[in-house]
Amino acid sequence: ILNADDPWTKTLGRHASGPVTTFGRSEEADIRVFGTLRTEPLGTQVQIATGDFSEVIDVPSTAGAIDLALGAAFGAALSLDVGHEDALRGLASFEAPPHRMRLETLPGSGLLIDDTYNANTSSMSVALNVLREAPVRGRQIALLGDMFELGRHGPSEHVAVGRESAFVDQLLCVGELAAGIASGARAAGLEAVEVISADVEDGDSISQAGDDAISWAKNEIVAGDAV
C-alpha cells in the first residue's frame with residue numbers, strides 16, 4: 001500500500017514481491033482521496049474514490065493529512081478482502097488521538113489547531129497550511145515551539161519553519177531552538193514576532209516559559225482568531 005504522491009513510490013513498487021495498491025490525491029492513484037476543512041461541522045470531509053465507487057466521510061475535529069491516512073487504511077482493508085461498505089464503516093468510527101491536528105472552536109467562531117504532541121518540519125508545514133486556509137474572520141496567529149531530534153539539521157529546519165510561517169499576523173516562538181523560527185520569519189519579512197526562551201534541561205525554565213506563553217495568548221488572542 002503506497003502513497004502515489006510520494007516520489008519514491010515507483011522505486012518501492014518495483015521492489016514489492018506482491019500486488020501494489022496506491023492511494024493519494026493524484027489522479028494516478030488507485031484510491032483517490034481529497035480532504036476539505038470545514039467549520040460546520042468542525043472537522044474534515046474526506047472523499048474516497050476507486051473505480052466507479054465514491055463516498056464521503058466526515059472526520060470530526062481533525063485536520064491535516066487525514067485524507068491520506070484514510071486512503072492508506074482503505075487500501076489495506078480492500079487488500080484483505082474487506083468490502084467497500086464495511087471498510088467505510090470502520091473509517092467512519094476513527095478518532096484521532098489528542099494533540100494530533102485536533103480542532104477546537106474558540107470564542108467568536110475562532111479556531112484552535114492543536115498539534116502539540118510532537119513536531120517535525122513536515123508536520124509543522126501541514127499545520128501552518130491548515131492555519132493559512134482556515135475560514136475565520138479574525139487574524140492568523142501561530143504559537144510554535146521547539147522541534148526535537150533533528151540532529152545537525154535542527155537549526156536550519158527551525159529557520160525554514162520560520163520562513164514558512166511569515167504569512168501569519170502574529171507569531172510567538174517558545175523554547176530553546178525557537179529563536180531560529182523567529183529569525184527565519186523576520187528574514188521573510190514578518191515583524192510581529194516574539195520569543196520566549198527556555199532551557200530544555202531545566203524543568204523550572206520550561207514551566208516558566210509555558211506560563212509566559214499562556215499569559216501571552218490570553219492577552220493577544222481575541223474573538224474570531226485562528227491559532
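This is a predicted model: local features need pLDDT of at least 70, side-chain atom pairs count only at pLDDT 80 or more; totals for chains, interfaces and linings use all residues.
Is Asp225 buried or exposed, and what is its relative accessible area?

1. Asp225 is buried, with a relative accessible area of 2%. Its side chain meets that of Arg139 in a salt bridge, with an N to O distance of 2.8 Å. The two residues come from distant parts of the chain: Asp225 belongs to the segment after H7, Arg139 to the loop between H4 and S8, and 86 residues separate them.

2. Arg139 also forms a salt bridge with Glu220, at 2.9 Å from N to O. Glu220 is part of helix H7 (residues 203-220), whereas Arg139 sits in the loop between helix H4 (121-133) and S8, so this pair ties together parts that are 81 residues apart in sequence. Arg139 itself is partly exposed, its relative accessible area being 26%.

3. Through shared partners, the salt bridges join Arg139, Glu220 and Asp225 into one network. Within it, the acidic residue Asp225 is buried, while Arg139 is partly exposed.

4. The structure holds five salt bridges. One of them is formed by the side chains of Asp58 and Arg38, at 3.5 Å from N to O. Here strand S5 (residues 53-60) supplies Asp58 and strand S3 (residues 31-39) supplies Arg38, so that distant parts of the chain, 20 residues apart, are linked. Asp58 is partly exposed, with a relative accessible area of 42%, and Arg38 is likewise partly exposed, at 26%.

5. Asp146 is buried yet has no salt bridge. The nearest side chain of opposite charge is that of Arg186, 13 Å away; a salt bridge requires the side-chain nitrogen to be within 4 Å of a carboxyl oxygen.

6. What does the side chain of Asp146 reach at 2.8 Å? At that distance lies the backbone nitrogen of Leu177. Leu177 is also one of the residues in contact with Asp146 once neighbours within four places in sequence are left aside.

7. In summary, two buried aspartates have been described. Asp225 is buried and is paired with Arg139 in a salt bridge. Asp146 is buried without a salt bridge, and its side chain reaches the backbone nitrogen of Leu177.

Methods. Residues are numbered from 1 along each chain as its sequence is written. Side-chain values use heavy atoms; hydrogens and water are left out. Buried means under 20% relative accessible area, exposed over 50%, partly exposed in between (1.4 Å probe, protein chains only). Lys and Arg count as positive and Asp and Glu as negative; His and the chain ends are not counted. A polar contact is a pair of N or O atoms within 3.5 Å; within protein, one must be able to donate a hydrogen and the other to accept it, and residues adjacent in sequence count only if both atoms are side-chain atoms. Contact means heavy atoms within 4.5 Å. Helices (H or I, at least four residues) and strands (E, at least two) are DSSP runs, numbered from the N terminus.
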